[in-house]
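Trainee: I should like to work through this structure step by step. May we begin once it is in view?

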Amino acid sequence: MEFCKRCLYTTAHPLGLVLDDEGVCSGCRVHEEKDSLDWAERWARLESIVAPYRSTDGRNYDCIVPVSGAHDAYYIVHLVKERLGLNPLLVTYNRYFNTPLGIRNLANLRIRLNCDILYQNVNPESVKRIVRSTLRRFGSIYWPILAGQTVFPVQTAVRFRVPLIIWGAHQGLEQVGMFSHLHEVEMTRRYRKDHDLMGYEADDLLSVFDTLTEGDIWQYRYPDDAALDAIGVRGIYLGNYVRWDPKAQHESMIARHDYASAAFARTFDTYDHVDCFNYMDLHDQLKLFKHGYSRVTDHATREIRHGRLTRDQGLALVRQYEQVPPRYVERFCDWLGMQPQSLRFMLDQHRNPAYWHAASPGEWTFRGWSTRQLDTPASPASPSSEAAFAATASRELDGGDRYITIGKGWPC
Ligand SMILES: [Zn+2]
């Protein structure tokens, strides 16, 4: 494992990352393009790409935009509707681990930006069966969410005959520089399978698990090539045409459209993932178990690249947050119908021996990325106020102690 000199990533990054002769990673190099590209020209290019998709008679939508009650949803809809002047159909896959704040944010988004929206609610029994299976085998509680949120927009494009899908940033480009902005990479079935779904599409689950049936997985099946070609479905990423900076974008959406943020136990970034009880909690701990680093390393790396944190400050934040225990494990066990001890046992099976050493039963020593980083000063200077993330609300609001499995709206 080798470290990038500039950010906190290593050559062990699961998306693949390379270092150049100067010891700087591909992700940092592609990030440099953000300060060298002519973004006015890139925007003009985007306008010409979307122009042919405008509905001429006003009888159909111009595009499909996948959304949630967090992530970059507000900014994407803002660009699509208020800057490009397109009429989008919003689509959202119900993840079931919903926080009251996420339900509120999603309701506020469609009201503020006055959009039509489609919800997909896959039946909870199938979702739970898949989660039980993928947790045991892959150490993942997120397969149905990753599969659902990447396939429902594509199914909707085919069903509604709306060929253009507009996504935010491409994770492979943003994190590890898998592509240049100028490659204008688009959505592919292959990237979804290899990176979003850990190599397993819906039909692959049937051959791996005898616990699942056709009835559990068919909603997650990707449309076939003939169906996609007949409509001309394509998915573009706005990050190729707009200088992507999630912190600045979320702050502008808090001011302009009343997006609400919230604090987390396991990271300093208050802006993303506020719609989910598990993403920055149990799911994030599993990432640490399997890959030796967690989401706070992604957040710190992003902020280092944007020049708001030094490498030392970022590493100090990683060490402060990454071992904080998840807070919502009981809620997850309640939902899945599993004892916390059984869950704990199962989670331990997924600790990667490259990063975890069992000194004695139940006693684990961490040997992950942050423990092997280049030498750093014991206490770096505090980050400047420019690096601060604001929490404007709490994920729980007054929603009680369960997930909001179906959330129709919010009084706002
Ligand atoms: Zn780097």
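Mentor: Please note at the outset that this is a predicted model. Tryptophan 143 is buried, as is tyrosine 220.

Trainee: How many helices and strands does the protein have, and what is its radius of gyration?

Mentor: The secondary structure comprises 17 helices and seven strands. For 412 residues the globule rule gives 22 Å, and the value of the protein is close to this, so the protein is as compact as a globular protein of that length. The radius of gyration is 21 Å.

Trainee: What percentage of the residues in the protein are buried?

Mentor: A residue counts as buried when its relative accessible area is under 20%. Of the 412 residues in the protein, the buried share is 58%.

Trainee: How far apart should the ends of helix α6 be, and how far apart are its end C-alpha atoms?

Mentor: Helix α6 covers residues 143-160, which is 18 residues. At 1.5 Å a residue, α6 should span 26 Å. The model agrees with this, because the end C-alpha atoms of α6 are 26 Å apart.

Trainee: At which residue does α6 bend, and which proline follows?

Mentor: The bend in α6 amounts to about 25° and is located at valine 151. Within four residues there follows a proline, namely proline 153.

Trainee: How many of the residues of α6 are buried?

Mentor: Helix α6 is largely enclosed by the rest of the structure. This follows from the count of its buried residues, which is 14 of the 18.

Trainee: Which residue follows α6, and what is its phi?

Mentor: The residue after α6 is arginine 161. Its phi is positive, near 55°.

Trainee: How many aromatic pairs does a search of the whole structure find?

Mentor: The search of the whole structure returns aromatic pairs to the number of 23. One of them joins tyrosine 9 and tyrosine 293 in an edge-to-face arrangement, with 6.3 Å centre to centre and 75° between the planes.

Trainee: How many residues apart in sequence are the parts that this pair ties together?

Mentor: Tyrosine 9 belongs to the segment before α1, whereas tyrosine 293 belongs to the loop between α13 and α14. The pair therefore ties together parts whose separation in sequence is 284 residues.

Trainee: Are tyrosine 9 and tyrosine 293 buried or exposed?

Mentor: The cut-off for a buried residue is under 20% relative accessible area. Tyrosine 9 has 1% relative accessibility, and tyrosine 293 has a relative accessible area of 2%. Tyrosine 9 therefore counts as buried, and tyrosine 293 is likewise buried.

Trainee: What is the distance, centre to centre, between tryptophan 143 and tyrosine 220?

Mentor: These two residues form an edge-to-face aromatic pair, with 65° between the planes. Tryptophan 143 is in helix α6 and tyrosine 220 in the loop between α10 and α11, so the pair links parts of the chain 77 residues apart.

Mentor: Lysine 247 is placed over the face of a ring, at 5.2 Å from the ring centre. The ring is that of phenylalanine 389.

Trainee: Is isoleucine 49 buried or exposed, and which residues is it in contact with?

Mentor: Isoleucine 49 is found in helix α2. Its relative accessibility is 8%, so isoleucine 49 counts as buried. Leaving aside neighbours within four places in sequence, its contacts are Glu184, Arg234, Ile236 and Tyr241.

Key
Residues are numbered from 1 along each chain as its sequence is written. This is a predicted model: local features need pLDDT of at least 70, side-chain atom pairs count only at pLDDT 80 or more; totals for chains, interfaces and linings use all residues. Side-chain values use heavy atoms; hydrogens and water are left out. Helices (H or I, at least four residues) and strands (E, at least two) are DSSP runs, numbered from the N terminus. The expected span of a helix is 1.5 Å times one less than its number of residues. The bend at a residue is the angle between axes fitted to the seven residues ending there and the seven starting there. Buried means under 20% relative accessible area, exposed over 50%, partly exposed in between (1.4 Å probe, protein chains only). Rings of Phe, Tyr and Trp (its six-membered ring) pair if their centres lie within 6.5 Å; planes under 30 degrees apart count as stacked, over 60 as edge-to-face and the rest as tilted. A charge sits over a ring if NZ of Lys or CZ of Arg is within 6 Å of the ring centre and within 35 degrees of the ring normal. The radius of gyration is taken over C-alpha atoms; the globule rule is 2.2 Å times the number of residues to the power 0.38. Contact means heavy atoms within 4.5 Å.
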